[in-house]
Amino acid sequence: MSKINICVVKVGKVEDFVILSLQSGLKVNFGWEVKLIGEFEIPSQSYNRIRRQFHSTTILHHIKSQFKTDDCFIVLGITSVDLYVEGLNFVFGEAKPSDKVCIISIHRLRPEFYNDKPDMKIFERRILTEAIHEIGHLFNLRHCLNPNCVMFFSNSIIDTDRKGFLFCSKCQSKLGILK
């Protein structure tokens, strides 16, 4: 597969620089083209008042129903709200490989969330890492046991920062999509 088209959808308010940073990172590191195809308000039914979080699976269903993916190989939703799935306290993202749709949240990727001072370099690296992780799931990659592989499960931001955005050789060999 020579050209990967990733279509991005803003879910709620997301700063333009987030999309631009992601476009640049995916192009430079993997040769993947990224285009913004739309935006929509966060579905109200995705909000859980008890948890004060948004159910990512509900948002994924909304993305799939609202955006046709004929000219997109992958659709990536990006949101700034805190996401969860049943059984976990939070998620940085979720993927639905059968629909080639995934979502990431930048909410917990900001250094300020952890009471650190803002750091654009760290923030942009985290965005790229979590986007590539979810995209990896869309290529049917499972979580990797290598703690330095992008496909390693991030239980905390420490895992995200350690692993970075590159596939280990084992996961990369399962993909025929890199440069």
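**Strands, helices and a pocket**

Modeller: Let me begin with one pair of residues in this predicted model: histidine 55 stands opposite tyrosine 84, which belongs to strand E6.

Biologist: How many bridges join E4 to E6, and do they run parallel or antiparallel?

Modeller: Strand E4, which covers residues 53-55, is joined to E6 by 2 bridges, and these two strands run parallel.

Biologist: What is the order of the sheet they sit in?

Modeller: That sheet is an open one of 3 strands in the order E3-E4-E6, and its pairing is mixed. Its edge strands are E3 (47-48) and E6 (83-84), each of which pairs on one side only. Helix H2 packs on this sheet, where it touches E4 and E6, and its direction makes about 50° with that of E4.

Biologist: OK, on to the other sheet. Which order do its 5 strands take?

Modeller: The 5 strands form an open sheet with mixed pairing, and the order is E2-E1-E5-E8-E7. Strand E2 (33-40) and E7 stand at the edges with a single partner strand each, so one side of each has no neighbour in the sheet. From one strand to the next, the twist averages 20°.

Biologist: And how many bridges are there between E1 and E5?

Modeller: Strand E1 (residues 5-11) and strand E5 (residues 74-79) run parallel and are joined by 6 bridges.

Biologist: What about E7 and E8, parallel or antiparallel?

Modeller: E7 and E8 run antiparallel and are joined by 4 bridges, and glutamate 94 stands opposite isoleucine 103 in E8. Their hairpin has 4 residues between the strands, and in it lysine 100 takes a positive phi near 55°.

Biologist: Changing topic, how much space lies in the largest pocket?

Modeller: The largest pocket holds about 370 Å³ of space. It is lined by 21 residues, and the closest to its centre are Val91, Gly93, Glu134, His143 and Phe153.

Biologist: Which element gives the most to that lining?

Modeller: H3 gives the most, with 4 residues, while strand E7 (93-96) and helix H3 (120-138) each supply at least two residues of the lining.

Biologist: Last one: how do the lining residues divide into nonpolar, polar and charged?

Modeller: The lining of the largest pocket has 9 nonpolar, 8 polar and 4 charged residues.

Definitions and conventions:
Residues numbered from 1 in each chain as written. Predicted model: local features only at pLDDT ≥ 70, side-chain atom pairs only at ≥ 80, totals over all residues. Heavy atoms only, no water. 1 Å grid on protein atoms, 1.4 Å probe; cavity = no way out; pocket = protein on both sides within 12 Å on 5 of 7 lines; lining within 4 Å. Points joined across faces, edges and corners; volume = space filled by probe spheres on them. Nonpolar A, V, L, I, M, F, W, Y, C, P; charged D, E, K, R; others polar. Pairing = 2+ DSSP bridges. Axes fitted to C-alpha atoms, helices over the stretch in contact; angles between N-to-C directions. Contact = heavy atoms within 4.5 Å.
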